[in-house]
Amino acid sequence: MHKRLFWLITCLLVLTMVAVGCGGGATPVPQQPPAEEPKAEEPKAEEPKAEEPKAEEPKAEEAMEEKPDLTIIWFAWQPCEALGELSAQYEAANVTVNCVPISEWYNTTFTDFAAQGGADLVIMDSQWIGEAVVGGHVMDLTDFMAANIEVDDYVPAALSAYGEYPPGSQNYYGVAIEGDTQMLVYRKDLFEEAGFAPPQTWTELLEQAQFFKDSDLIENGYTTFWCGDVACYDQMATVWNQMAWSFGGALWDPNTYQVDGVLNSPENLAALEFAAELFKTGPEGSANFSFDQTVGAVCSGSTAMTTIWFGFGAAFIDPDGCAESGNLAFGVVPGEKEHVISLGGMGLSVSSYTKNPDAALDYIKWVESEDIQLEWAKLGGFSARKSILASDTFINATPYNPAFAESYLLVKDFWNVPEYAALLEPQMKYLNLAVSGQMDPQEALDEIAIEQQEILDEAYPGGPPQ
Amino acid sequence: MVNSGLTQNNQLDKEHSGDKPLRVRFRWLTDNRMSFLFLSPTMLLLLFIAIFPLIWSLRLSFTDWSVIGDAGKIPEPVGFHSYGTALGLGETRTEKRVGVEVAERFAITGQFVLPTVIIELLLGFGLAMLLNRKFLGRGLLMTVMLIPMMLTPVIVALYWKYMLRTDIGVINYLIHDIFGGPRIDWLNQIKIAIWALVLADVWMWTPFMMLISLAGLSAVPKYLYEAADVDQASAWFKFRHITLPMVTPLLLIAVLFRTMDAYRLFDQAWVLTGGGPGGSTEVMSFYLYLVAFKDFETGLASAIGYIMLIVIIALANLLIRKINEIADEG
């Protein structure tokens, strides 16, 4: 009987432990400023008091007791690590920067939203802002920014792309944390040997790439992240978009949401045929090249040129990781009929579900301040503030920063509607097939246009939202 | 001895009890109830970790709920709508497209599973035949041959991703530089990429087939071969009428395992080809992942998951029935 009693108590203990273990943390406390989640249709209807982050300041002794914890979510690359380093200097809160794999970035962010928990601050790709706002997942920062951020000092395209929704509404839900666009990386030694100047147009770049491909100077002319797989997110699209824009094309009509007839235009066909020709000057089998392989192709000395995000610039100047680092130079991505470069970078937004909205807003105010933006530049970050871009500190921080200051004024972004992910899928798939010669370019554009038009027509049967 | 034991227990009960002896106070704690209490923690864990999600996902499959779009809302039932969409009975153009995609992904899965399992079976059985004899270094050779199946699938896929690269991969080095053949763009050609997956899977799982086959071969009674030798039977006769019938049930079990395993392939496809080019290596699990965690169509993804489950159960039943038939004949 005593044995039974012993086992009974053991069972009860185990059950108690299981119950406690499964119980999770404390019951989620409703966030302080956003008393209720913003409604999808009316994102501003129940606005948090974002403009007054310190309205209810804690007492001095309470503040001394413990600092709030803030978590930021981003994807794993050098700027994410740099942000962690920068945030370690912030004294008002314990800031943790979670750098998740790029393929899990969207999932992690939006499942956090769905769980109404997770990160306090989210760094989202510019295209996600529509989905996040319509879902009520991020706080309206319009008033906060007007009161605390020097918005006039920001590059207008960045201010809009990283946080404005609907486009042109001047309602802001995010502020630029990492400006980015693409740069030209080329072998200056080979260019000198061949008597080339950095290309001013895509056509010129193609001619130079073909020259290198046919020469004995180097194995390949040009490569980039052509990858169109699902795991490669938006890589192929951002490579081709800037070619299409520079060739005079457009992805859609943002006023009418018309894709068919716009995307499959003669200008875009020329841009896609051009991309297919350019692809041939690269390494064999480079259709699935992602960022790592692109950097590797240039750094290993197999390829003379690439265009890639400035965010990867550090990889090219590290002599330990890049054998050709001493021979590389950086320039502006060329144009054609027009001069447009894909916008990269991301905005920093506050999750509607944060338990520390005041602390999150204080952090944004701190990280966007001029002094800290200069620190950010020293760590390799790219500010979207014009004063920072023009400063000597920024210009001299890296060999590619002068090119960034010039390029960032030429940027353009693409759709940021909630259907972004669905629109991206056919674009990535068919562009990749066309570039790698497995699909006729016109057929590819037609297929993309049909699929994207279907997606938009079903999402907006009454036409674009007003 | 029994009586003395009971007496001792009674004494202990009295010593440690208050008004009533423990035996009386815990009379309700019968052996059955005690065993139920022992099992309850495990059962509760299973309930929460496996059974509840299964039932919940079944419920979700009858809704069009999205974990992101409808977060915080109660899933509303829509009948068999998601199943209809997955089976190509959708009404809108997007729903019809989903139906087409599901059919295509099933076909891609078949294109992967069928050659993979057949090649693994043939190679594994052949290797087992070669190893089913005593020779110097047999143990070491077997250990080395089993290494692939002990590796993590993601790591295997990464190895193969580099080995299959067109420009610097060792496979193309052998094909092109050693044997003078054309370089093959394994991972970027629509018609070839699926074979890259087959190749990696065959490399990894052939040892499993070999191991099971070897177990079957070593279980064949030696006296059958001795009797055949007495009758001067040929090697082919011995293989056809002794070895194969004796080993077949075990081989079918191995085929069953590998079919089920290959059917749910995801990690290697994600790393090696990323589903590309043009979705040509998007096997069903891969597609299910996209619907569930990229499009976040939770209801539809649950329905597709259950359709996959029904298909694999049907396939498994066919194989199990065959195994039972052979066992009955035996």
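A cavity here is a set of grid points where a 1.4 Å probe fits but cannot get out, and its lining residues have an atom within 4 Å of a point. The model is predicted.

**View 1. The largest cavity and the residues nearest its centre.** The volume of this cavity is about 380 Å³. Its lining holds 28 residues. Nearest the centre lie Val230(A), Ala231(A), Tyr233(A), Leu424(A) and Lys294(B). The count for the model is five cavities of 30 Å³ or more.

**View 2. Helices that line the largest cavity.** In chain A, H4 (102-114) and H19 (420-435) each supply at least two residues. Helix H13 (284-293) of chain B also supplies at least two. H19(A) gives the most, with six residues. By type, the lining residues of the largest cavity are 14 nonpolar, eight polar and six charged.

**View 3. The second largest cavity.** Its volume is about 180 Å³. The lining counts 20 residues. Phe75(A), Asp125(A), Asp234(A), Trp309(A) and Met346(A) lie nearest the centre. Two or more lining residues come from each of H4, helix H10 (235-246) and strand E8 (341-350) of chain A. E8(A) has the largest share, four residues. The lining of the second largest cavity divides into eleven nonpolar, six polar and three charged residues.

Methods:
Residues are numbered from 1 along each chain as its sequence is written. Chains are lettered from A and ligands numbered from 1 in the order in which they are written. This is a predicted model: local features need pLDDT of at least 70, side-chain atom pairs count only at pLDDT 80 or more; totals for chains, interfaces and linings use all residues. Side-chain values use heavy atoms; hydrogens and water are left out. On a 1 Å grid over the protein atoms alone, a cavity is a set of points where a 1.4 Å probe fits but cannot get out, and a pocket is an open set with protein on both sides within 12 Å along at least five of seven lines; lining residues have an atom within 4 Å of a point. Grid points are joined across faces, edges and corners, and a volume is the space filled by probe spheres set on the points. Ala, Val, Leu, Ile, Met, Phe, Trp, Tyr, Cys and Pro count as nonpolar, Asp, Glu, Lys and Arg as charged, and the others, Gly among them, as polar.
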